[in-house]
Amino acid sequence: MTPQWDPEKPIYLQLYQQVVTRILDGYIKEGEALPSVRKVAAEYQLNPITISKAYQMLQDEQIVEKQRGKGLFVMPGAQELMLDRERESFLSHQWPEILNQISRLKLSAEQLLSANVNNPVEG
Amino acid sequence: MESLISISNLNKSYGSKKVLSGVNLSLSAGQIVGLVGPNGAGKTTCLQSILGLTDFEGDISVLGHHPRKDRVNMLNDVAYISDVAILPKWLKVSQALSYMQDIHPNFDLEKAEEFLAKTNIAHNDKVKALSKGMVAQLHLALILAIDAKVLILDEPTLGLDILTRRQFYTHLLEDFYTEEKCIVVTTHQIEEIEHILTDVAFIQQGKIVLAQSTDDIKARFNLVAVTSEQIPQADELQPLFKNSMMGLTTMLFDNQDKETLQGLGKVSVPSLADVFVGVMNKETC
């Protein structure tokens, strides 16, 4: 299956993000191998350079490491590293905006906590 | 990157009809290049010149060989699927394989058999018993088993259903492509392979009107949804293409400042097909 790519963002960044999210969610485990560039290119119908770029970013950020002749493997501690980074990014970027919106709408803590979090409304 | 094919000032006429004029192109290892143009633009003639199948004026070097003068050596490392590719009806698959093995020094029989094992094609099938999609797969098997540095595909998926087209490109990426090779492909289904291509050359009336990497094209062209009040300002920036629909006018701009465009409306990234339509339109205006 080929994913639906957002035309506004470079595909290699979206692919990078996909791997990061899958590590965070535990679908790709530490120590597990990433599929080869060739395999992903064929499966997603992308040019291999796009995939190499995404994989290079993952290597540069020490999320995966190259094992000679065997390919790329998720590094031990990658999930924790990702969690830290995503927490940090949430607290410094998304959370202030959400806080602003909460105070703009004059929402109380009770209202927020009683909202049905299992059925979030897409906004 | 190492240049594998270089074409400079390529000209070709059939009688008084000029079909290629002043074509310059340089193709490197690792590239998957889409040669895209309307029917009759000169795509096939251009590929035939590269392959030495036709006389031409100008200079072409393919892996250091002249396609006409040094064709036999060139074809050791160049493979080709023509848009009118046919295999003799009476030929058995096994005969096709042994024929290739006899005539081509770089043909890897094992690789072809490995590939065919993934298909429904049997060794003692005759070509006439194969469907159109299977003939294309057989062709691909014969071609991919040549360890070519340059692969030229002229409308390789024409007339195939979407499943077979997809499989064709899957095999191409999985079994053939490496960073040392270059693939040139012409197709009308540009939207299907837009993410596969690393580079694109648009050809119109025998001229290359745009040749660039797909990344650069995405950076260079912008689509803007312009409201009716903003149209006069937008027109001043000379859009390549305009299309009014449901109260907004979508315009395609080439090389315009992103901030200026954002002032005119919502900016988005066009698909290669959008850019193609825009560029072709401009040239005929």
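This is a predicted model: local features need pLDDT of at least 70, side-chain atom pairs count only at pLDDT 80 or more; totals for chains, interfaces and linings use all residues.
Modeller: Residues are numbered from 1 along each chain as written, and chains are lettered from A in the order written. Local features need pLDDT of at least 70 and side-chain atom pairs 80 or more, while totals for chains, interfaces and linings use all residues.

Biologist: How is α1(A) oriented to α3(A): parallel, perpendicular or oblique?

Modeller: Helices are DSSP runs of H or I with at least four residues, and strands are runs of E with at least two. Axes are lines fitted to C-alpha atoms over the stretch in contact, with angles from 0 to 180 degrees between N-to-C directions. Helix α1 (residues 11-24) and helix α3 (residues 48-60) of chain A pack at about 50 degrees, their axes 8 Å apart. Angles under 35 degrees count as roughly parallel, over 145 as roughly antiparallel, 65 to 115 as roughly perpendicular and the rest as oblique, so α1(A) is to α3(A) oblique.

Biologist: Which element gives the largest share of the side of chain B that touches chain A?

Modeller: Residues are in contact if their C-beta atoms, placed from the backbone, lie within 7 Å. By that rule, 14 residues of chain B meet 12 of chain A. Four residues, the largest share of chain B's side, come from helix α6 (residues 162-176) of chain B.

Biologist: Which residue is the bridge partner of B:L223 in β12(B)?

Modeller: Strands pair if DSSP finds at least two bridges between them. Strand β10 (residues 221-227) and strand β12 (residues 248-254) of chain B pair in the antiparallel sense over seven bridges. In β12(B), the partner of B:L223 is B:L252.

Definitions and conventions. Two residues are in contact if their C-beta atoms, placed from the backbone, lie within 7 Å.
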